[in-house]
Amino acid sequence: MHRIPEGDAFTRAVCDACGTIQYENPKIVVGCIPAAGERILICRRAIEPRYGLWTLPAGFMENDETAAEGAMREALEEARAKVEIEDLYTVFSVPHISQVHMMFRARLLNDDFGAGMESLEVKLVTADEIPWEQLAFTVVRRTLEHYLEDRKRGVFVPRFGDIRRPVK
């Protein structure tokens with residue numbers, strides 16, 4: 001049954017028999033901007049949502065891993081890319097889908113990369129080659145916009161914000 005447990009402020013799933021509370025909390029998505037000089041590694045999605053559109057390597061964080069480990073794992077899974085995490089770059093809350101996205105700046109360690117199981121293709125692109133109209137997610141667009149802006153200035157500043165449901 002769903003109700004507000006004593007001492008809480010939110011409706012939760014509570015077992016009537018034993019009183020156990022089932023907490024449902026946001027999922028954490030981790031990923032990175034794999035950079036090689038002036039180029040960025042992007043992936044074309046082979047899965048839904050947004051099949052066929054471009055993204056940065058990212059996905060749900062797994063149990064028993066750090067956020068940085070998850071970002072490195074996602075780069076390996078989606079782009080068969082080995083990266084070195086440099087720092088946390090953007091954090092975006094996406095409340096309408098109960099997610100928090102953490103994107104790291106990363107250095108691509110070599111040119112030995114290719115499409116993983118969740119990617120149709122991967123490629124290194126310059127700022128002018130980013131397929132802006134074919135990006136899969138707002139988080140990716142904003143992260144890339146900030147990254148290119150900061151790279152031009154020569155100073156990377158951590159960013160955070162909210163991405164709300166589009167108004168219809």
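**Entry 1: ground rules**

I start with a word I need: a residue is buried when under 20% of its relative accessible area is left, exposed when over 50%, and partly exposed in between (1.4 Å probe, protein chains only). I note that this is a predicted model, where local features need pLDDT of at least 70, side-chain atom pairs count only at pLDDT 80 or more, and totals for chains, interfaces and linings use all residues. Residues are numbered from 1 along each chain as its sequence is written, and side-chain values use heavy atoms, with hydrogens and water left out.

**Entry 2: the whole chain**

I looked up how much is hidden: of the 168 residues in the protein chain, 40% are buried. The C-alpha atoms fill a box of roughly 60 × 30 × 30 Å along the principal axes.

Next, contacts (heavy atoms within 4.5 Å). Taking those between residues at least 6 apart in sequence, I find that 61% join residues at least 24 apart.

For charges, I count Lys and Arg as positive and Asp and Glu as negative, without His and the chain ends. That gives 22 positive and 27 negative side chains, with the centres of the two sets 5 Å apart. The place of each charge is NZ of Lys, CZ of Arg, CG of Asp or CD of Glu.

**Entry 3: helices and strands**

Helices (H or I, at least four residues) and strands (E, at least two) are DSSP runs, numbered from the N terminus. I get two helices and 11 strands, in the order β-β-β-β-β-β-β-α-β-β-β-α-β.

Strands pair if DSSP finds at least two bridges between them. Three strands make an open antiparallel sheet, ordered 1-2-3. Strand 1 (2-3) and strand 3 (21-22) are its edges, each pairing on one side only. Strand 2 (residues 12-14) is joined to strand 3 by two bridges, and Ala13 stands opposite Gln22 in strand 3.

Which two residues does a cis peptide bond join? I found Glu48 and Pro49, with omega about 0°. Pro49 is in the loop between strand 5 (39-45) and strand 6 (54-55).

Arg50 is in the loop between strand 5 and strand 6 too. Its phi is near 70°, a positive value in a residue other than glycine. Arg50 counts as partly exposed because its relative accessibility is 44%.

Asp64 also isn't a glycine, yet its phi is positive, about 65°. I located Asp64 in the loop between strand 7 (58-60) and helix 1 (67-79). Is Asp64 exposed or buried? At 83% relative accessibility, Asp64 counts as exposed.
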